[in-house]
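I opened my notebook to look at one protein fold, piece by piece.

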Amino acid sequence: MEILKCDGVRKIYGSGNNQVIALDKIDFSVDKGEFVAIVGASGSGKSTLLHILGSVDQPTKGKVIVEGVDISSMNRTQSAIFRRRKVGLVYQFYNLIPTLTIRKNILMPLLLDKRKVNQEYFEQVVNSLGIADKLDFLPNQLSGGQQQRAAIARALIYRPALLLADEPTGNLDQKNSKEIIDMLKLSNRNLNQTILLITHDEKIALEADRIVTVEDGRIISDQKRR
């Protein structure tokens, strides 16, 4: 079942002689439960694409459809609500709130919406990510790998349509990087979570089911691996 569709997406910054085309006629779709790696050199447009898919930014032209809803024309308030409810965002920097416990950081999307916590699902997520014993700690009491696990748990807690991860292992050593990718694969397999992973690391990209290569704002390759 198609969960995401980009139709002729362009992103242009500036105007006239200062115009920069960050994305140029991006067309692709993603089915529910896919694990897709988006790769490309620095400046290729891959992070711009992720920000548009997560409604952090809007395309200059074209449409982005998520679960049948056109998110490309939403205003700022609509985009913020959409991100909270439909998109899990994981960045290189964990973006945890330092004064809140790990439990409250993970539950923040639900607390902001005054939604009841599904305790069974919460326990499934924190147990699968190996942080069930860290819930009453503050972020600075955890290692980088543990903080990234908490960030992934926060991204998953709303059961988002999409989990978008932008270089999630960029701040981690090789051991922790492998563990984080294993955690993403686990959530993809056990929770049927749709994941789009931005990375410049070919080894990490090879863990995905599909690799989309972006160069100069265009998709130049789209290969399914399994």
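These are my entries, in the order I made them.

**Entry 1: the whole chain**

I noted first that this is a predicted model. I looked up the secondary structure and found seven helices and 10 strands in the protein chain. Then I checked the overall extent. The C-alpha atoms fill a box of roughly 55 × 40 × 35 Å along the principal axes. I also looked up the radius of gyration, which is 17 Å. A compact globule with 226 residues would be near 17 Å, so the chain agrees with that rule.

**Entry 2: the six-stranded sheet**

In what order do the strands of the six-stranded sheet lie? I read it off as S6-S7-S8-S3-S9-S10. The sheet is open, and its pairing is mixed. Next I looked at the edges. They are S6 (87-91) and S10 (218-224). Each has a single partner strand, so one side of each has no neighbour in the sheet. Neighbouring strands are turned by 15 degrees against each other on average, direction ignored.

S7 (residues 162-166) and S8 (residues 195-199) run parallel, and four bridges join them. I searched for the partner of leucine 164 and found leucine 196 in S8.

**Entry 3: the four-stranded sheet**

I turned to the open sheet of four strands. Its order is S2-S1-S4-S5, and its pairing is antiparallel. The edge strands are S2 (20-31) and S5 (69-70).

How many bridges pair S1 with S2? I found eight, between S1 (residues 2-13) and S2, in the antiparallel sense. Tyrosine 13 stands opposite valine 20 in S2.

**Entry 4: helices on the sheets**

I followed H1 next. On the four-stranded sheet, H1 touches S1, S2 and S4 (61-66). The direction of H1 makes about 60 degrees with that of S2. Helix H1 (residues 46-53) also lies across S3 (35-39), S6, S7, S8 and S9 (210-215). There it runs at about 150 degrees to S7.

Then I looked up H2 (residues 76-86). This helix lies across S6 and S7. H2 runs at about 85 degrees to S6.

**Entry 5: H3 with H5**

I reminded myself that two packed helices are described by the angle between their axes and the distance between the axes. For H3 (residues 102-112) and H5, the angle is about 30 degrees and the axes are 7 Å apart. Angles under 35 degrees count as roughly parallel, so H3 and H5 are roughly parallel to each other. Their crossing is right-handed.

Which residues of H3 meet H5? I listed Ile102, Asn105, Ile106 and Pro109. On the H5 side I listed Ala150, Ala153 and Arg154. By class, this contact has five nonpolar, one polar and one charged residues.

**Entry 6: H5 with H6**

My last stop was H5 (residues 144-156) with H6 (residues 174-190). They pack at about 20 degrees, with axes 10 Å apart. That makes H5 roughly parallel to H6. H5 passes H6 in a right-handed crossing.

I wrote down the contacts. From H5 come Gly145, Gln148, Arg149, Ile152 and Leu156. From H6 come Asn176, Glu179, Ile180, Met183, Leu184 and Ser187. The residues of this contact divide into five nonpolar, four polar and two charged.

Key. Residues numbered from 1 in each chain as written. Predicted model: local features only at pLDDT ≥ 70, side-chain atom pairs only at ≥ 80, totals over all residues. Heavy atoms only, no water. Axes fitted to C-alpha atoms, helices over the stretch in contact; angles between N-to-C directions. Helix = DSSP H or I, 4+ residues; strand = E, 2+ residues; numbered from the N terminus. Parallel < 35°, antiparallel > 145°, perpendicular 65-115°, else oblique. Left-handed = near helix turned anticlockwise from the far one by under 90°. Contact = heavy atoms within 4.5 Å. Nonpolar A, V, L, I, M, F, W, Y, C, P; charged D, E, K, R; others polar. Pairing = 2+ DSSP bridges. Rg over C-alpha atoms; globule rule 2.2 N^0.38 Å.
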